[in-house]
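Thank you all for coming. Before I say anything about what we are looking at, please take a moment with the sequence and the model on the screen.

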Amino acid sequence: MTERPVLEARGIVKVFGQHRALEAVDFTAHPGEVHALLGENGAGKSTLIKILTGAYQPDGGELLLEGQPITLRDPLHGQSYGIGTVYQEVNLLPNRSVAENLFLGRQPTRLGLVDRKRIDAQARELLSRYGLDIDVRAELSEYSVAVQQIVAIARAVELSGKVLVLDEPTASLDRNEVQRLFDVVRALKAKGLAIIFITHFLDQVFDLADRVTILRNGKRVTTQALDTLNTTDVVRMMLGKDVTFEHHPSALAGGPKGAVKVRFQGLGRKGMPAFDLAVHEGEVVGVAGLLGSGRTEVARLMFGVDGADTGEVFVDGQPVSIRNPAQAVAAGFGFCPEDRKLDGIFGDLSVRENIIIALQAKLGWFKALNREDQVELAGRYAEALDIRAADHDMPVKLLSGGNQQKVILARWLAIDPTFLILDEPTRGIDVGAHAEIVRTINRLREEGLALFVISSELDEVVAYSNRIVVMRDREMVAELDGDAIAPDAIVQAIAGTPEEARP
Amino acid sequence: MKVIKTLALGAGLAGLLLSTAHAEGLQGKVIGFSQIGSESGWRAAETSVTKQVAAERGVDLKFADAQQKQENQIKAIRGFIAQGVDAILVAPVVATGWEEVLTEAKEASIPVVLLDRGIEGPEDLYLTSVASDQVKEGRVAGEWLVGTVGDQTCNIVELQGTVGSSPAINRKQGFEEAIAGHANLSIIRSQTGDFTRSKGKEVMEGFLKAEGGGANICAVYAHNDDMAVGAIQAIKDAGLKPGSDILVVSIDAVPDIFSAMVAGEANATVELTPNMAGPAFDALQAYWDTGAEPEKFIITESKLYTPADDPQGEYDRRKGLGY
Amino acid sequence: MTRPTVDLRPTTQPPFPRPRPLATFFTRPQVIALAAVLFVNWLLFPGFFSVTWQDGRFFGSLIDVLNRGAPVAILAIGMTMVIATKGVDLSVGAVMAISGATAATLVTSGIPAPIAVAAALGTGLLCGLWNGILVTLLEIQPIIATLVLMVAGRGLAQLITEGYIVTFSDPLLIFIGTGSFLGFPMPVIIAATLMIAATLSVRRTALGLLIEAVGVNRSAARFAGLKAGALLLIVYSFAGFCAAVSGLIVAGDIRGADANNAGLWLELDAILAVVIGGTSLMGGRFSIPMAVLGAMIIQAMNTGILISGFSPQFNLVVKSAVIIVILVLQSPLSARLFRRLPGAPK
């Protein structure tokens, strides 16, 4: 690593509408280093990357290349300055040959014609430097994603050669492929390239990177050399709660529990290790874990959205079959999905209809709730959850995010559920509604409901959970109960040890 | 049902045996026939009549159904050439793209006769073509009406074929030519019935309503029999008598119009004969016997049928032909 | 990644279009359009509205519109529900041909007419079920799934009739197409009965709401515990059934099954009727009576063209021009324009 950065960003600001995606973020990339960029979803990683490569223009701050200020119009312009990018989804042309992909737009020509022989020879030579010995005349799509990634990297390096941005390059690779990719990256680093590496696999960061920059809520938390840090430190900084989050209310911890309401035994499916879990009456089981740790997958399995290959489900000790959501609803389960717009609300249907739809589905086709029943139900739950809608006959899509979330909650309360799954119930809603949802969860617990709540907000999970299940790499790696719900324990469980952090 | 059909086929065959001159000249000849398909009743009738005429003349007919595809027809013709047939009949599905394959036939010295439709390209690629004259069909229908009403005033409503199709254009033109010199005949309404019964009925209903419940209409001219059959039903529904209150004249001579004639509900039809093969065989025989090149365009007869022409007999003769 | 900090409180929202009191019925664009078309017909032909009693039935152009519009109206009843689920059924025209061919072939070979009718309706149900299976179990896009039967179905009908127009003289079949009841033509009676029955059975049960939910958001429907697959099977089967009824009427009307032409392109008229009736091709809210009204608008236009005496070359031009006007009138854009007009209903 040399003293002068090849690429430097100073005080970058980016605003989308009312949302400040980046606030005065500094970032440097030095020749011959791998610089990891970390942060939770929405922290501003992609925005920063897009500004560094020219896809976005910053609203404030400046970019310097080798000390000279530059303005990038678009990624192609960035490329001409030596800044290349490889994305998670390879964006090359799958139905063209490997060689064509490598030289697309700059084919060597002879007498004005594309010199295919020379292209193929050059492509072979180029890829051999990356340890790839493949038929360069074959279509790109015939090769694995890992090979395609390397081809993409080779192309990006050929085109740019100073800074290489790798945006989640390992997301779809297996362990051996990751190692192969890392070998390539190390070789490039040795050649003096500056490599910016984005991933959510912490072990890979420690494996590969020299320095790390952590973003949270659009602000830079730190930039440090990795050898001064351990995983726990990194997770803590990403989550941002530090050690200061509120202490776990003792009323919940170790308090009296009701009977076991639902029990999942050995539930699993392909790519999802089997798990056991019992949720009691009047208990909230919170789920902590980084994005992509399998939190949502567990919820989908419980609700029958994805059919389980193995395992059994018991409600009040009786076995029930849950092969699809309809059966889950029949068993009294409710599920507020993570993606409210896609899987939750019926935008064009009225607030009233959105509230009664699950109950109606449970009642069947011929036991129709008449209008009076619907109005009464909708009114009752809208009042209980304080859903602010001018009129329950208006389309639900006109409501704010928080009110929509409450409508979905109301939908499930209307079926008088035995077990409620909430996946990120407070995501994307304003502070006021946020607090109300948390209050509602507490109230439901007090009323004896069994709940399973997934959230990225650690303080939130702590505030309402009796127990916390920590997920990592699609497995429930720890279960914290009572006094064991300590911030350090959670953070450590999430981080795991670097050796274990890969499937 | 099958039995009835076979019987009817036999009756039709007998009729044709009587009507066609018996000839031995084609005995033992192998002739290939590439048919378009069976998209209409008339087409099916053409196929069965061709097979009957061939059987009657002792021709070994090789039949190939192209299912509306030119590539299938070209394949079939190549197959015929490879088999070394004596002659080839083609009902071409489209007008263009025949030069290569017909040149191959010509080089193999196999005469080709086009049935029913023409092609674009040099005329020496085929021996002759047999087709009807659609303008003449319209004219024959018009002339019948002129002769029938005499000096009386006659308001005609016309049921046209599909807008823009050549039979619709030509049959309209021929009919208009025939009534042109007669001021007492005029077409007061003309609409398309898409050559179908149900549209024919619907359009006729509209005409009847618009023309004082039918009181102003003296005759209906339909571009095909199917529309006429629909119109007859509409006239009956309006409480009028088709055939007497309103005259019905149409074109094609399909079996159902003859049963309407038997019931006194239709007055005249002009035949579009499905027997294109007969004149084709005649031309081939003359060519082989005398070496005489036939005319390039053989026009089939557009024969007029009225209730005086034994409609029951015509019905029976045609019923089995696949209309 | 964005967390909006401003909670948009629902304050002045546009009034939600349903349910409306009956009084607003006459201000709907469809009703106005129908009135306008009928008015133009009257200008073209002053006797248009005259209805007389003749041979025990009503007789007149208005009755013709109802009678001739009935087959498309019946198709539209089934099509409305399919479209409400965000699907489409292109095969209904071909299913009409199959149904007519089945009934006609059976009665001409001596099977009793009630059995032939039942067989035709059963065949329609099966065709619809087939579409439903392709759409739900095999998850083929509706437009492709039903295209299969649209193409193959007509061939099937031709196979059944062996290419002939199968004519029959069975009184029951003819009665379905041309008979009358209480002075109205049977097709009108059948269409009205089906319309009322279908409307009641979706609105008095939960089916209507559940169908709309599936159409608005199939994924959310699944998450809410709806049996979307079963609903789709029912909806497509019902569309097939409606097509079969329509096919029987068309065959009975001409006393014959014309496999080549029965129902040809009528699927497009049916889709148009549904769209004119205000059901979005994007699925969701639907109205069966409005779709039937849409079918009547189309037929009133056809009849108007017939009696106008225009040359048939203008038919399609006139028809498409009128349709464009109707669709523009009911577009959100014109709704906004109307709202801006002073004195317009808020």
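Predicted model: local features only at pLDDT ≥ 70, side-chain atom pairs only at ≥ 80, totals over all residues.

Residues are numbered from 1 along each chain as its sequence is written, chains are lettered from A and ligands numbered from 1 in the order in which they are written, and side-chain values use heavy atoms, with hydrogens and water left out.

Let me begin with the chains, where contact means heavy atoms within 4.5 Å. Two pairs of chains are in contact, and of these, chains A and C share the most contacts. Chain A and chain B, by contrast, do not touch, and their nearest C-alpha atoms are 31 Å apart.

How many residues does each chain bring to the contact of chain A and chain C? Chain A gives 49 residues and chain C gives 38 residues. The area buried between them is about 3,700 Å², with 64% of it from carbon and sulfur atoms; buried area here is the accessible area, taken with a 1.4 Å probe, that two parts lose on being put together, summed over both.

Between chain A and chain C there is one salt bridge, meaning a side-chain nitrogen of Lys or Arg within 4 Å of a carboxyl oxygen of Asp or Glu. That salt bridge joins A:Glu353 to C:Arg285, with the closest N and O atoms 2.6 Å apart. On the side of chain A that touches chain C, at least two residues come from each of α9 (295-303), α10 (325-330), α11 (340-344), α12 (351-363) and α14 (401-414), and α12(A) supplies the largest share, six residues. Helices are DSSP runs of H or I with at least four residues, and strands are runs of E with at least two, numbered from the N terminus.

Next comes strand β9 of chain A, residues 163-167, in which five of five residues are buried, that is, under 20% relative accessible area with a 1.4 Å probe and protein chains only, where exposed is over 50% and partly exposed lies in between. In a regular strand the side chains alternate between the two faces of the sheet. Here A:Val163, A:Val165 and A:Asp167 lie on one side of β9(A), A:Leu164 and A:Leu166 on the other, and both faces are covered.

Strands pair if DSSP finds at least two bridges between them. β9(A) runs parallel to β6 (residues 83-86) of chain A over four bridges, with A:Ile83 opposite A:Val163. Five bridges join β9(A) to β10 (residues 194-198) of chain A, also in parallel, and there A:Asp167 has A:Ile198 as its bridge partner.

A:Glu100, which is buried at 16% relative accessible area, forms one with A:Arg96 at 3.4 Å between the closest N and O atoms. A:Glu100 forms another with A:Arg116, at 3.5 Å.

In chain B, B:Arg43 and B:Asp116 form a salt bridge with the closest N and O atoms 2.9 Å apart. Are these two buried or exposed? B:Arg43 is buried, at 2%, and B:Asp116 is buried too, at 17%.
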